[in-house]
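Have the sequence and the 3D view open as you read.

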Amino acid sequence: MLAARSVALFVVAALFEIGGAWLVWQGVREHRGWIWIGAGVIALGAYGFVATLQPDGDFGRILAAYGGVFVAGSIAWGMVADGYRPDRWDVTGALICLAGMALIMYAPRNH
């Protein structure tokens, strides 16, 4: 049950962080304005809060593992939001990152 909660929190964190960065990108690079930028900044702050809700208490482990989620989530976001089409190397890299995340977070430990 803890692993399911942890995975769900990683997904929510990714939505906030990637979505927030995308909103800022849209506001600045696509000239959509300060409201988009402000919404992005709020979402990025929410990401920081959600990351603290992980059941594991080790900051370094959480952020390191989240990196794998961020990589895969960024590719998925680009596909949905911007029509990005990843090649086989993008997909392979994202899968390797997710495998690394799973190893970092969910490998059996003696503590």
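## Helix 1 against helix 2

Helix 1 (residues 2-29) and helix 2 (residues 34-51) have axes that come within 7 Å and cross at roughly 160 degrees. That makes the two roughly antiparallel, a label for angles over 145 degrees. Axes here are lines fitted to C-alpha atoms over the stretch in contact, with angles from 0 to 180 degrees between N-to-C directions. Helices are DSSP runs (H or I) of at least four residues, numbered from the N terminus.

The contact of helix 1 with helix 2 involves 18 nonpolar residues, four polar and one charged. Contact means heavy atoms within 4.5 Å.

## Where the model comes from

This is a predicted model, where local features need pLDDT of at least 70 and side-chain atom pairs count only at pLDDT 80 or more, while totals for chains, interfaces and linings use all residues. Residues are numbered from 1 along each chain, and side-chain values use heavy atoms, leaving out hydrogens and water.

## Helix 1 against helix 3

Helix 1 also packs with helix 3, at an angle of about 55 degrees and with the axes 9 Å apart. Among the residues that meet are Phe10 and Trp22 in helix 1, and Tyr66 and Trp77 in helix 3. This contact divides into 13 nonpolar residues, four polar and two charged.

## Phe10 and its partners

Which residues does Phe10 contact, leaving aside its neighbours within four places in sequence? They are Gln54, Ile62, Ala65, Tyr66, Val69, Met101, Met105 and Tyr106.

How values were computed. Parallel < 35°, antiparallel > 145°, perpendicular 65-115°, else oblique. Nonpolar A, V, L, I, M, F, W, Y, C, P; charged D, E, K, R; others polar.
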